[in-house]
Every structure is written in structure tokens, then in C-alpha cells.
Amino acid sequence: MTTVVGLRAAARVEDAVKTYGLGDTRVRALDHVTVEFPVARFTAIMGPSGSGKSTLMHCAAGLDTLTAGSAWIGDTELGTLNDRRLTVLRREKVGFVFQAFNLVPTLTVRENITLPLDLAGADGDQEWIDALIDVVGLGDRLAHRPSQLSGGQQQRVAVARALAGRPQVVFADEPTGNLDSRSGAEVLGLLRDSVDTMGQAVVMVTHDPVAAGYADEVLFLADGRLVGSMTEPTADRVLDRMKALDARTADGISDGTAARTSSEGADGGERR
Ligand SMILES: Nc1ncnc2c1ncn2[C@@H]1O[C@H](COP(=O)(O)OP(=O)(O)OP(=O)(O)O)[C@@H](O)[C@H]1O
């Protein structure tokens, strides 16, 4: 089992198994995965297509349920919550950033940013909201609707919205997938800043080695298993590792020993 010495977990899954379908069509999307997402750390999840990245993120974020094992946000095990309490926990403790921005088209920029707080009936910390608006650089666009913004600006609104309620953890699913490289860099810089200056926990699924290079640690999945990790990643090193994983997947190599332990993961991948 993975252990993170001295780092508090904002979210974690333990011995997570997720299967889809029945009989011949049964797919094991997660195969006994144990991982922690610490406070004040930016974790990227990478792996070949179909390796289980989205499934891991969705189950860790309470958007989907595990077949076996447990998922936790802070001290709360998600499997113990009914639908209503799970919805409240997601609203109060989790921030989401999606590839497609998912802003509400009829609301202004400011209304989109404060939406999670408004839904929770909370006033929020206005100073904090103003600071966020400042950081995302959209102070002169607050009365605009999303359709009046560029893709990069829309995603910056989405990041501000995810951070508005100071959630326990932010999950970002391909947040730069629809952006050009400059806008992508701005969004990744914002996520990075939220980790460095606010101690935010950020978990990001990405196919992009450059995006993964912004993280503190990259976790690699293959065939539903955690097969390695890399701390202090660079785009080049991540790309090399992905090439090796893709080759391994293409060869159909699955040696059954992929579940990671704390000392596994090349490149000094032991978790800090
Ligand atoms: N709702 C579903 N029903 C059946 N099988 C599913 C479902 N969702 C995912 N799967 C299967 O589970 C496995 C993992 O899928 P997942 O979407 O988590 O992979 P991924 O690594 O995010 O892939 P990609 O990089 O292509 O988005 C795949 O084999 C996929 O076909």
C-alpha cells in the first residue's frame, strides 16, 4: 500500500476496484488501486487510453461509486453517504474543472464564479472571491457571459469557480484539452499557484506531458493499475515514460505485479 509520510490526504482511495458490465463484457477499469492525494500537492494522473484515469478520478471525487474498496474525501468515506449527503459533500468539499469548461451560459462571469457558494446558501469570503478574480485576471469581464469570452478565459473562470469555496480538493479532467498552448499554460499556472499559495490539493487527469510537468507528482496507470510514479516531472521525462507504457500496452504485457508500492516508480519516484 502506498504511504505518504508526513502529508495529510485531501482525498484517497484504498484498494479500489471498479468493474463495468457483466459476463463476457465485464471490464475491470480499476484493479486494486490505492493512492493518496495530499494537501498542498499537485498530482497528475496519466496513462494510455482506457487505463482507468477518468474512472479513478470520478470514483475519488464521488461522481461514481466503487465496486469494492473505499474512497475518502478528508475523513469521510464516500460509500457511507446517501445520495443527498454525497451531493452536499461534493458541493462543499470538492471543486471541479472539466475539459468543456461547463459554465452556465446565462450567468455572468461573477455569478459563475460564486455559483457553488450561492447553491450552498453561503456568502463566502468576499475578500477571497475578489482576490481570486484578481488572480484569474478577469476583473474587467465580470459582467460578461461565457459566450463573450475566449476558451482560455472561460477556463480561468472555471478554475476560479472551483477554488471559490476553498474546497478540500480540486479535480481537473483534461483542463487544457480544448485550449491552445498559451491559454493552457495560464490555466495550469493558476492551478499551480493555488497549490503553492493556498495549499490547495489538485488532482488532474491529462494526456499532455507538458501539462503533467506542472505537477509535483505524476501517477501512471495501465490496465486499471498503478504502475509507477514520478516526482519533479518534466515534460520530456513524462513523454519517455508514456512511450514506454504505450509500448507495453500495445504488446499486451501485463505481468500482474503492477500494483505500486511506496518504493516503486523509477526516477526516484518514491513519494515524499
Ligand atoms: N460506463 C462504462 N461502461 C462500460 N465500460 C466503461 C465505462 N466507462 C469506462 N469503461 C471502460 O473502463 C476502462 C477505463 O476507462 P476510463 O474512461 O477510466 O479510461 P481513461 O484512462 O480515462 O481513458 P481515456 O484516456 O481514453 O479517456 C476502459 O476499458 C473503458 O472502456
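Colleague: In which sense do strand β3 and strand β9 pair, and over how many bridges?
Modeller: This is a predicted model. In it, strand β3, residues 42-46, pairs with strand β9, residues 217-222, in the parallel sense over four bridges.

Colleague: Which residue in β9 is the bridge partner of A44?
Modeller: The bridge partner of A44 in β9 is V218.

Colleague: What is the order of the strands in the open sheet?
Modeller: The sheet has six strands, ordered β6-β7-β8-β3-β9-β10, and its pairing is mixed.

Colleague: Which strands stand at the edges?
Modeller: Those are β6 (94-98) and β10 (225-231). Each has a single partner strand, so one side of each is left without a neighbour in the sheet.

Colleague: How many degrees are neighbouring strands turned against each other on average?
Modeller: The average is 20 degrees, with direction ignored.

Colleague: Which strands does helix α6 touch?
Modeller: Helix α6, residues 181-198, packs on the sheet and touches β3, β7 (169-173) and β8 (201-205). The direction of α6 makes about 150 degrees with that of β8.

Colleague: A change of topic: where does Q154 lie?
Modeller: Q154 is part of helix α5, which covers residues 151-164.

Colleague: Is Q154 buried or exposed, and why?
Modeller: Q154 counts as buried because it has 23 C-beta neighbours inside 10 Å, and the cut-off for a buried residue is 20 or more.

Colleague: Which residues is Q154 in contact with, leaving aside neighbours within four places in sequence?
Modeller: The contacts of Q154 are then F101, L103, P146 and L149.

Colleague: How many Å apart in space are Q154 and A131?
Modeller: From C-alpha to C-alpha, Q154 and A131 are 18 Å apart, and in sequence they are 23 residues apart.

Definitions and conventions. Residues numbered from 1 in each chain as written. Predicted model: local features only at pLDDT ≥ 70, side-chain atom pairs only at ≥ 80, totals over all residues. Helix = DSSP H or I, 4+ residues; strand = E, 2+ residues; numbered from the N terminus. Buried ≥ 20, exposed ≤ 12 C-beta atoms within 10 Å, placed from the backbone. Contact = placed C-beta atoms within 7 Å. Pairing = 2+ DSSP bridges. Axes fitted to C-alpha atoms, helices over the stretch in contact; angles between N-to-C directions.
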